[in-house]
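Please keep the sequence and the structure in view while reading.

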Amino acid sequence: MPSPTQVVTLLKSQNINRVRLYDADRSMLLAFAHTGVQVIISVPNDQLLGISQSNATAANWVTRNVAAYYPATNITTIAVGTEVLTTLPNAASVLVSALKYIQSALVTANLDRQIKVSTPHSSTIILDSFPPSQAFFNKTWDPVIVPLLKFLQSTGSPFMLNVYPYFDYVQSNGVIPLDYALFQPLQANKEAVDANTLLHYTNVFDAIVDAAYFAMSYLNFTNIPIVVTESGWPSKGGASEHDATLENANTYNSNLIQHVINKTGTPKHPGTAVTTYIYELYNEDTRPGPVSEKNWGLFYTNGTPVYTLRLAGAGAILANDTTNQTFCIAKEKADKKMLQAALDWACGPGKVDCSALMQGEACYEPDDVVAHSSYAFNAYYQKMRKALGSCDFKGVATVTTTDPSRGTCVFPGSAKSNQTLGNNTNALAPSANSTTSGCIPQYYHLHASSFADLTLLSLLLIVALVFL
């Protein structure tokens, strides 16, 4: 398996600035030192009992696993256990005590303002999740859930939830449509409508998150944010796992990333991005169980992507094409006036060299705004080194892995050319028919920090050092 240094190198190369670990492994925490990556560390389930019964044990854990590395390693959150209520129900009664003791230890170490404490839950603790407005937590857990929510509210910590539409889809026996689970576009008459709120749901993910919000409000907790600590889709399955496919995994994770990056939010909380951790970083070839359990990763253990994510307008992030062959082109059905305005900006304030689009030059034909925009958009995208958000242009551009070069018109970034892009401040207008709009649209050059709300889950197993 990759070493901690290799893991960190991969994450940095993909502009990932948040990660979740299922432990507090020393070598991993040292590898993340001085990288700026925000790290969630975890108290394993088998340590809950000891920590819940002794303030000294919790203080010792914080000293060894937090204070020893912070602030060089940017530890932001401690996840106390994982899915305790559903996987280790006998420990449910000590869960809140463990959280409180860890919080107390952070206060003593003067780290409570910098580091939050919470615990991830399976979405199965929510009953009757549709319609979301009628959802409620399994009442069996009320003696735990209510004090837990009080703790989260008092400390300003998030409610952690693992959301897996794959399992909801598989277990629905055909009731949930595949497109609804994969974030695929639905016709208006096929959207799920909550009859109580009249909110329209176009995907399982949003419905589950809102169900959790409604379940908390049912208990009179309305101001606790939700962080999705696990979500993903397996890329391969066994003979009976028909929907664990490469195409479905690509579709789900690509659409999930786009959903979060666009800050779409949920119907109950529109415009508020749900911080989401993708499960998982690497495939696990030796993991026991069904074939699907081995194939949740975005990468193989050698660092190559399992598939190339389709991220329209999102640039080069996550499991992008390792051959570096991605391009930015105009959407064919985009509004022509918007394309023209974006073209003018790229060849003007955007400082793209558009001389190849002049009459008589290699990329002049065909002389239409779609073809010319594609060249200019791609030139800007390549010049910005495929940075997040550099292929958007107010929604009229999209990323493709197909080389748009044609004949002697070779696009920047193509393997057919060694062309080096410069910052030509004397960029020419794209054609005789174009006019400068005089207004710079919001073509944002987004930095890696703009990707903070969608993060990568790296699960660290003790001894085996398998990074999931």
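A residue is called buried when its relative accessible area is under 20%, exposed when that area is over 50%, and partly exposed in between, with a 1.4 Å probe and protein chains only. By this scale Glu284 is buried, its relative accessible area being 4%.

This is a predicted model, in which local features need pLDDT of at least 70 and side-chain atom pairs count only at pLDDT 80 or more, while totals for chains, interfaces and linings use all residues. Residues are numbered from 1 along each chain as its sequence is written, and side-chain values use heavy atoms, with hydrogens and water left out.

**Salt bridges**

Side chains of opposite charge can pair when their charged atoms come close. With a salt bridge taken as a side-chain nitrogen of Lys or Arg within 4 Å of a carboxyl oxygen of Asp or Glu, a search of the whole structure finds three.

| Salt bridge | N to O distance |
|---|---|
| Arg20 and Glu230 | 3.3 Å |
| Glu284 and Arg287 | 3.0 Å |
| Arg287 and Glu293 | 3.5 Å |

Around Arg287, which is partly exposed with a relative accessible area of 25%, salt bridges that share partners join Glu284, Arg287 and Glu293 into one network.

**Helices H6 and H7**

Two packed helices are described by the angle between their axes and the distance between the axes. Axes here are lines fitted to C-alpha atoms, for helices over the stretch in contact, and angles run from 0 to 180 degrees between N-to-C directions. The axes of helix H6 (residues 92-108) and helix H7 (residues 142-155) come within 9 Å and cross at roughly 15 degrees. H6 and H7 are therefore roughly parallel to each other, a description used for angles under 35 degrees, whereas over 145 counts as roughly antiparallel, 65 to 115 as roughly perpendicular and the rest as oblique.

Notes
Helices (H or I, at least four residues) and strands (E, at least two) are DSSP runs, numbered from the N terminus.
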